[in-house]
Amino acid sequence: MVKINPDNDRYSRNRLYITQEEQALLAQCNLVLGGAGLGSIIAECALRLGIENICIIDGDIVELSNLNRQNYIQEDIGRYKSEVLCERLRKINPNAQITYVTEFLTEYNIPTYITGASVAINALDFTSDVPFSFDKYCVEHNITVLHPYNLGWAALVAVVNSKQSLLSQIGTSYNFELKMGEYIISNLRQNGVETLWLSNIVETLKTEGGNIPQLPVASWMTAGLCMRVLFKIVTHQAIKVFPEFYYLPAL
């Protein structure tokens, strides 16, 4: 029987899409993940692509309502998302450097956990100004930030890498998801993209309240879109930054 070195074969199916030099750049990237909800799908996709240094930061626990779209199972309910996700990633690649923090990010501990990152994923809930503080710190320290959005039947990624690209230009954290939804709709309409289904959801939420609902479809689409953008950043290719954004519909 032929013996196979799993580490030599781990990324062999990435060939033709990713060169050995690019694979090495991915391996050297230090990815910090703020939020392990949608971030749970993104983290696994990043690891499988070849990013081997990942820090997961989230003080939230797994709930039943997370299971329709996040990377958890029934038995994980009640446990810290960051811890569960770390265990899963270590099982995928035991040689990768996966760390986790079971704390919520605050304006005070952001420097402790974000310092040294190559790229950051801001998958935090906009229930406070912490996501804006996250971006501000990253911009001040030359760390590019990816904002992923699950829009149900579509995926969106916004990139922040300068003061001019901060998402805070849309408004404050109050009802930020709705403001972002309205901005996306307006921008896409100007470019001739049909968004009636998203418009209907945003208008309904204005009356009913609550966050934009999310489907499993866009979780995986968003992770894929994040990886394409992340790959461009790591390999020093040109990218679009906010107020431009990356949009991928399922229809």
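Visitor: Where is N150 found?
Guide: N150 is in strand β5. Strands (E, at least two residues) and helices (H or I, at least four) are DSSP runs, numbered from the N terminus.

Visitor: Before we go on, what kind of model is this?
Guide: It's a predicted model, where local features need pLDDT of at least 70, side-chain atom pairs count only at pLDDT 80 or more, and totals for chains, interfaces and linings use all residues. Residues are numbered from 1 along each chain as its sequence is written, and side-chain values use heavy atoms, with hydrogens and water left out.

Visitor: OK, is N150 buried or exposed?
Guide: N150 counts as buried because its relative accessibility is 4%. Buried means under 20% relative accessible area, exposed means over 50%, and partly exposed is in between (1.4 Å probe, protein chains only).

Visitor: Which side chain does the N150 side chain make a polar contact with?
Guide: That of S219, at 3.0 Å. A polar atom of the N150 side chain also lies 2.8 Å from the backbone oxygen of L215. A polar contact is a pair of N or O atoms within 3.5 Å; within protein, one must be able to donate a hydrogen and the other to accept it, and residues adjacent in sequence count only if both atoms are side-chain atoms.

Visitor: New topic: which residues of α2 are buried?
Guide: In helix α2 (residues 20-28), they are E22, Q23 and L26. They cover an arc of only 105° around the axis, so they sit on the same side of α2. That arc is taken from the directions from the helix axis to the C-beta atoms.

Visitor: And what do they pack against?
Guide: The buried residues of α2 pack against α3 and α9, with contact meaning heavy atoms within 4.5 Å. The face turned away from the buried side carries the exposed residues Q20, E21 and Q28.

Visitor: How many residues are in the largest nonpolar core?
Guide: There are 42, and L31, I54, I56, L85, I98, L146 and L230 touch the most other members. A nonpolar core is a set of buried Ala, Val, Leu, Ile, Met, Phe, Trp, Tyr and Cys residues joined through side-chain atoms within 4.5 Å.

Visitor: Which element gives the most to this core?
Guide: α9, with ten residues.

Visitor: What else lies apart from this core?
Guide: Another core, of 41 residues, including L105 and F242.
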